[in-house]
Amino acid sequence: DTLAYSAFKAGTNVETVWSGSTAVDIGNRDTATDAGTNTIIQKVVKTLENKDAVKISSVVKPASEYNTEPVAEGFFAITHPDVRPNIEDIDTFTPVEKYANYGAVMAGEIGKVGMVRFIATTLATPDTSGAKDKYYTLVFARDAVGCVSLSGKGAVTPTVVTPRASAEDPLGQRGSVGYQYWYVCKILQDNWMVRIEHNILDPA
């Protein structure tokens, strides 16, 4: 997963909303007391739709449960858990517990803003080298990226060194085992993903 995230983060389609000395969060705020807006998210969705990017998730139809909402088809975004409070402060945010069908929730999913559903993971590590930590939120369309699966015949080649009795190991108890495998993740269509670069704001 770490290798995959590092490969995906290298995309060239970038929406930058951060400032080295002034924190600007994903809700386009520089002050935590302001209301977060979906301006950045809408811009990213517009970029993807103008590139004919195919949405990943299908419609979650309305249900009869109280205070639930249907979920439109849309894109998925990967972000760091530190970003979650700022996403929740965006005025159009819908948490997963309000989805009409909770069974449609992905592991780590926190909610949606417009057509983008957010998944939080610590793999989305920030850049801590500057005056302010820079966070990366990756928004994907269908078939934007691909990975070789670690499964199937020949995916892994094990190597075993059988222990033999010796002066250092009289009973021949200590052997070793290792393995080789092929694994790669690639951006297949750079136009179908966007990297948002932003800071975070601590809750007011």
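Guide: The part to look at is D30, which is placed in the loop between strand 1 (14-16) and helix 2 (39-50), where helices (H or I, at least four residues) and strands (E, at least two) are DSSP runs numbered from the N terminus. This is a predicted model, in which local features need pLDDT of at least 70 and side-chain atom pairs count only at pLDDT 80 or more, while totals for chains, interfaces and linings use all residues. Residues are numbered from 1 along each chain as its sequence is written, and side-chain values use heavy atoms, with hydrogens and water left out.

D30 has a relative accessible area of 47% and therefore counts as partly exposed, given that buried means under 20%, exposed over 50%, and partly exposed in between (1.4 Å probe, protein chains only). Setting aside residues up to four places away in sequence, D30 touches T22, A23, V24 and L201, a contact being heavy atoms within 4.5 Å. W18 is twelve residues from D30 along the chain, and the C-alpha atoms of the two are separated by 9.4 Å. The side chain of D30 also makes a polar contact of 3.2 Å with the side chain of T31; such a contact is a pair of N or O atoms within 3.5 Å, of which, within protein, one must be able to donate a hydrogen and the other to accept it, and residues adjacent in sequence count only if both atoms are side-chain atoms.

T137 is buried because its relative accessible area is 0%, and, leaving aside neighbours within four places in sequence, T137 is in contact with residues including I26, F118, V194 and I196.

Turning to charged pairs, a search of the whole structure finds nine salt bridges, each a side-chain nitrogen of Lys or Arg within 4 Å of a carboxyl oxygen of Asp or Glu. D25, R29 and D89 are linked in a network of them. E49 and K55 meet through their side chains at 3.0 Å, N to O; E49 is partly exposed at 35% relative accessible area, whereas K55, at 16%, counts as buried. E88 and R84 likewise form a salt bridge at 3.0 Å, N to O, and both lie in helix 3 (residues 84-88), four residues apart, about one turn of the helix. For R117 and E109, the closest N and O atoms of the salt bridge are 2.7 Å apart, and both residues are buried.

On the surface, L150, V156, Y179 and Y181 form a nonpolar patch with about 430 Å² of accessible area together. Patches are made of residues with over 30% relative accessible area and no salt bridge, like charges being joined within 9 Å and nonpolar side chains (Val, Leu, Ile, Met, Phe, Trp, Tyr) within 5 Å, and areas come from the Shrake-Rupley method with a 1.4 Å probe, only the protein chains shown counting as cover for residues. L150 is found in the loop between strand 7 (145-147) and strand 8 (156-161).

As for the whole, the protein has three helices and eleven strands, and buried residues make up 36% of its 204 residues. Among contacts between residues at least 6 apart in sequence, 70% join residues at least 24 apart.
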